[in-house]
Amino acid sequence: MSDRVYETALGAASPDRITLLGHDLVEDVMGQVGFGELAFWLATQRRPTPGETRVFEAVLAALADHGYTPTAIVTRLTHLSAPDSVQGALAAGLLAGGSRFLGVTEDCGRFLHDQLVGTDLPTDDEGWDAMALRTVTAQREAKRFVPGLGHHVHKQGDPRTPKLMALAAEEGVTGPHLALFAAIGRVHPQVLGKTLPLNGAGVCGAVLADLGLPLELLRGFALLARTAGLIGQLAEELRHPVANDIFLSVDLNNRPVDPDPYVPPPLNGDARG
């Protein structure tokens, strides 16, 4: 038997006791700690304050479900194909979380953090606006999008954004990531020539970063939230199925066309003979 020791501050079990984060699971956690608070605690190994818990759980609520997005559709279709595999349907939906849906949360948090590292943080709105202006200008010159800016549905404003900003301010957890994100919302029209909304996934990333959660795991929290939403999608699918209609809509309305062969792009700008 190996004498190797694997240390962990998370869960551990003995014949008569289970501990979690140094506490007795049965006596100190079950029925005492909400799931959102526990998720925060597990990720940071520090217990959040009531205000941090409130804001964190608001983020989870904001990301839980957003209708018939690709994550929801693929979950329903996978369940149609393999109704014996709930885990497969949930996994399919979670795997669909990427740069266009859900992944923006992490992308925005990381982006904001990169702008803030190694800088003297502004002390007023004028300073934040100046930093935001430099940030948006640099992205425009590099022909890159600003993560968290724009939404395909909420073109006049994402209702989640002002609510989360207000909750963060109310609980005293507004930090530099959210301050810079808000400033980007104020100044970007000067650079882009149009006004775009600060989307909910982006503000969630800013809030999570200000809460001190690991940047590498921000997408994980979005997926945690969406798991609840996907369970809801499956529950509704069981009672009011639509997946078969989606499948048949494609299956009965496709038509054959001539092949369209792929042509590799030219090298060095020269057309291929």
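At roughly what angle do the axes of helix H3 and helix H8 cross? The tour comes to that pair after a look at the whole chain. Keep in mind throughout that this is a predicted model.

**The whole chain**

Switch to the C-alpha trace, which spans about 75 × 55 × 45 Å along its principal axes. Of the 273 residues in the chain, 39% are buried. Among contacts with a separation of 6 or more, 72% link residues 24 or more positions apart.

**H3 and H8**

Select residues 50-63, which form helix H3, and residues 160-170, which form helix H8. Their axes come within 10 Å and cross at roughly 170°. An angle over 145 degrees counts as roughly antiparallel, so H3 and H8 are roughly antiparallel to each other.

Now show the side chains where the two helices touch. On the H3 side, select Arg54, Val55, Ala58, Val59, Ala62 and Leu63. They meet Arg160, Leu164, Leu167, Ala168 and Glu170 of H8. Coloured by class, this contact shows eight nonpolar and three charged residues, with no polar ones.

**H5 and H11**

Next, select helix H5 at residues 86-95 and helix H11 at residues 218-239. The axes of H5 and H11 come within 10 Å, and they cross at roughly 130°. H5 and H11 are therefore oblique to each other. The crossing of H5 past H11 is right-handed.

Which residues meet here? From H5, pick Val86, Ala89, Leu90, Gly93 and Leu94; from H11, pick Leu223, Thr227, Leu230, Ile231 and Leu234. By class, the contact of H5 with H11 has eight nonpolar residues, two polar residues and no charged ones.

**Two cysteines**

Select Cys108 and Cys204 and draw a line between their sulfur atoms. How far is the sulfur of Cys108 from the closest cysteine sulfur? The distance is 9.7 Å, to Cys204, which is too far for a bond. A disulfide needs the two sulfur atoms within 2.5 Å. Cys204 is likewise in no disulfide, the nearest cysteine sulfur being that of Cys108. The structure as a whole holds zero disulfides.

Cys108 is buried, at 0% relative accessibility. Cys204 is buried as well, with a relative accessible area of 0%.

**Two loop residues with positive phi**

Move to Gln45, in the loop between helix H2 (35-44) and H3. Although Gln45 is not a glycine, its phi is positive, at about 60°. Is Gln45 buried, partly exposed or exposed? With 46% relative accessibility, Gln45 counts as partly exposed.

Then go to Lys143, in the loop between helix H7 (125-141) and H8. Lys143 is not a glycine either, and it has a positive phi of about 60°. Its relative accessible area is 76%, so Lys143 is exposed.

**Pro256**

The last stop is Pro256. Where does it lie? Select helix H12 (243-251) and follow the chain onward: Pro256 is in the segment after H12. Pro256 is exposed, with a relative accessible area of 78%. To finish, select Pro70 too and draw a line from C-alpha to C-alpha. Pro256 and Pro70 are 25 Å apart in space and 186 residues apart in sequence.

Methods: Residues are numbered from 1 along each chain as its sequence is written. This is a predicted model: local features need pLDDT of at least 70, side-chain atom pairs count only at pLDDT 80 or more; totals for chains, interfaces and linings use all residues. Side-chain values use heavy atoms; hydrogens and water are left out. Buried means under 20% relative accessible area, exposed over 50%, partly exposed in between (1.4 Å probe, protein chains only). Axes are lines fitted to C-alpha atoms, for helices over the stretch in contact, and angles run from 0 to 180 degrees between N-to-C directions. Helices (H or I, at least four residues) and strands (E, at least two) are DSSP runs, numbered from the N terminus. Angles under 35 degrees count as roughly parallel, over 145 as roughly antiparallel, 65 to 115 as roughly perpendicular and the rest as oblique. A crossing is left-handed if the near helix is turned anticlockwise from the far one by less than a right angle, and right-handed if clockwise. Contact means heavy atoms within 4.5 Å. Ala, Val, Leu, Ile, Met, Phe, Trp, Tyr, Cys and Pro count as nonpolar, Asp, Glu, Lys and Arg as charged, and the others, Gly among them, as polar.
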